[in-house]
Amino acid sequence: MVLVGPNGAGKSTFYKRYLAAINLPFINADVIAHALVQAGAPAGEETERLAANLAEKKRVELVAKRESFITETVFSDPVGAKVEALRVAQVAGYTVGLIFLCVDSAELTALRVQTRVRDGGHSVPPDKIAARFDRMRKNVKVALTFVDFAIVIDNSSFDAPLRPVATILEGVVAYRNTPLPWWAEEVLPD
């Protein structure tokens with residue numbers, strides 16, 4: 001299972017609230033980075049990069065062992081490596097599920113990251129958030145065409161959080177909860 005969404009969309013909160021009880025290994029580069037800093041590594045991009053590499057190594061290791069796990073990612077790599085990793089997992093025999101949590105704008109995610117920082121969480125520069133927001137949607141659009149199942153969730157509203165907007169089964173939209181947010185219209189398979 002992969003949780004996908006922009007920084008500040010609510011992936012970690014969703015995991016804690018709905019998936020932690022499943023009791024599968026949870027691979028999250030942010031959690032790894034926090035542990036590295038707690039162990040004495042300097043906070044910053046170098047440690048974040050190391051954490052991302054360690055998370056990727058752990059995912060590859062678990063796929064090779066054919067062990068189930070849950071992972072979280074912004075899914076914004078510019079070359080499609082994370083999309084390819086989902087294909088590799090399918091070839092290895094995994095049923096790949098994707099939960100895509102998104103919000104209406106990169107500006108909203110930046111505001112949520114600012115709130116997270118005030119509450120003791122990690123920061124992400126606004127320029128990185130904006131670039132990741134665009135790349136992530138392109139990667140999600142590709143992944144939704146082949147993952148075994150996906151749930152698309154709009155977490156833009158504080159009044160109506162975590163609104164399911166679509167379900168996709170093997171590349172076909174099985175459920176739409178209208179009105180769809182603009183970004184959902186953009187990524188859903190035809």
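Arg137 touches Trp182, Trp183, Glu186 and Val187, leaving aside residues up to four places away in sequence, where a contact means heavy atoms within 4.5 Å. Arg137 has its place in helix H6, helices (H or I, at least four residues) and strands (E, at least two) being DSSP runs numbered from the N terminus. With a relative accessible area of 10%, Arg137 is buried; buried means under 20% relative accessible area, exposed over 50% and partly exposed in between, with a 1.4 Å probe and protein chains only. The model is predicted, so that local features need pLDDT of at least 70 and side-chain atom pairs count only at pLDDT 80 or more, while totals for chains, interfaces and linings use all residues. Residues are numbered from 1 along each chain as its sequence is written, and side-chain values use heavy atoms, with hydrogens and water left out.

**Helix H6, continued**
- Ala130 also lies in helix H6, which covers residues 126-143, and Ala130 is partly exposed, with a relative accessible area of 34%.
- The C-alpha atoms of Ala130 and Val165, which are 35 residues apart along the chain, are separated by 23 Å.

**Overall fold**
- The secondary structure comes to seven helices and seven strands, and read along the sequence these follow the pattern β-α-β-α-α-β-α-β-α-α-β-β-β-α.
- The chain has a radius of gyration of 16 Å, which agrees with the value near 16 Å for a compact globule of 190 residues; the radius is taken over C-alpha atoms, and the globule rule is 2.2 Å times the number of residues to the power 0.38.
- Along its principal axes the C-alpha trace spans about 50 × 40 × 35 Å, and buried residues make up 43% of the 190 residues.
- Among contacts between residues at least 6 apart in sequence, 65% join residues at least 24 apart.

- In H4, Val83, Leu86 and Ala89 are buried; they cover an arc of only 115° around the axis, which puts them on the same side of H4, the arc being that of the directions from the helix axis to the C-beta atoms.

**Backbone exceptions**
- Most residues other than glycine have a negative phi, and most peptide bonds are trans.
- Asn23, in the loop between helix H1 (11-19) and strand E2 (26-28), has a positive phi near 65° and counts as exposed at 68% relative accessibility.
- Phe75, in the loop between E3 and H4, has a positive phi of about 65° and is buried, with a relative accessible area of 1%.
- A cis peptide bond with omega about 0° joins Thr178 and Pro179, and Pro179 is found in the loop between strand E7 (172-176) and helix H7 (182-187).
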